Amino acid sequence: MKVFVTGVAGQLGHDVMNELAKRGYEGIGTDLAPAYNGVADGSPVTGMPYVSLDITDAAAVSETIGKLHPDVIVHCAAWTAVDAAEDEANQGKVMAINRDGTQHIADAAKAVGAKMVYISTDYVFNGQGTEPWKPDCRDYAPLNVYGQSKLAGELAVSKTLDRYFIVRIAWVFGRNGKNFIRTMLNVGKTHPEVRVVNDQIGTPTYTYDLARLLVDMIETDKYGYYHATNEGGYISWYDFTKEIYRQAGLDTKVTPVTTAEYGLSKAARPFNSRLDKSKLTENGFKPLPDWKDALHRFLIDIGETAS
């Protein structure tokens, strides 16, 4: 099986490439950079082929994928800077990447007969209420530009292809890039107290675990919409921070605040990021491990655990 993976310089794309290598599949990575050599801090390098590609260039996408003729495309590349997406100067670029770039990838997948995985987000919903969002729910009402662009990407895939997996995730962390855990560790080491919101509820997603699930998926024909985060129940960002500091051995004080009290974000954030993942087990997929276990393994991997 030949798998073309976009966004390999990011957290998830890097882990997908390594998972493919573990299983002996032919993976071809792509991103904007002219070359890619893995994570700078020394984590494993896949050693698989890499091509530089701008997904907003329709002709380049068509030519590249047409030549490579993959069996599967795992589309991890995206604009993910949620607050920056609200800036009027960036909105065209956000849509060019998340909507148009995804359309180009889907068109190319159709042309070569490849199945496709599209990584989406809980931000396609309105983030209200307390009920977990079902993967086949179509009550879309994104609160911000990022969510609108990711929904547009979902629609591009579902309207273009029959063989696709649309996988919504939330609260992502992985070794290859910036994330909430790294930010909280840095702040916790330099400040005696941090204020963290306690009225946004969801579950973290470790890209190492998610990569395993995605490769499990592409080995099947169980297409459709899925939700995938780590197990262990629904928590707030405040709860997450407390556990990060506990496992890292930091005694930084964590003060819970409401989103309104925090008041620093340009983009509106969902209060309800609960994702119902029952469809995974219904279709025979192994759920991701508990988020506390995932956090522990991540902290060990980056050398930040107290134990």
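This is a predicted model: local features need pLDDT of at least 70, side-chain atom pairs count only at pLDDT 80 or more; totals for chains, interfaces and linings use all residues.
Let me begin with the packing of two helices: H5, which covers residues 180-190, and H7, which covers residues 237-248, pack at an angle of about 65°, with their axes 10 Å apart, and their crossing is right-handed. On the H5 side the contact is made by Phe180, Ile181, Met184, Leu185, Val187 and Gly188, which meet Trp237, Phe240, Thr241, Ile244, Tyr245 and Ala248 in H7. The residues of this contact divide into 10 nonpolar, 2 polar and no charged.

Turning to H5 itself, Ile181, Met184, Leu185 and Gly188 are buried, and they lie on the same side of the helix because they cover an arc of only 105° around its axis. The buried residues of H5 pack against H7, and also against strand S7 (172-173), strand S8 (193-197) and helix H10 (291-301), while the face turned away from the buried side carries Asn186 and Thr190, which are exposed. At the N-terminal end, H5 is capped by Asn179, a side-chain oxygen of which lies 3.1 Å from the backbone nitrogen of Ile181.

Now to Asn98, which is found in helix H3, residues 88-112. Is Asn98 buried or exposed? Its relative accessible area is 1%, so Asn98 counts as buried.

Note on methods: Residues are numbered from 1 along each chain as its sequence is written. Side-chain values use heavy atoms; hydrogens and water are left out. Axes are lines fitted to C-alpha atoms, for helices over the stretch in contact, and angles run from 0 to 180 degrees between N-to-C directions. Helices (H or I, at least four residues) and strands (E, at least two) are DSSP runs, numbered from the N terminus. A crossing is left-handed if the near helix is turned anticlockwise from the far one by less than a right angle, and right-handed if clockwise. Contact means heavy atoms within 4.5 Å. Ala, Val, Leu, Ile, Met, Phe, Trp, Tyr, Cys and Pro count as nonpolar, Asp, Glu, Lys and Arg as charged, and the others, Gly among them, as polar. Buried means under 20% relative accessible area, exposed over 50%, partly exposed in between (1.4 Å probe, protein chains only). The arc is that of the directions from the helix axis to the C-beta atoms. A polar contact is a pair of N or O atoms within 3.5 Å; within protein, one must be able to donate a hydrogen and the other to accept it, and residues adjacent in sequence count only if both atoms are side-chain atoms.
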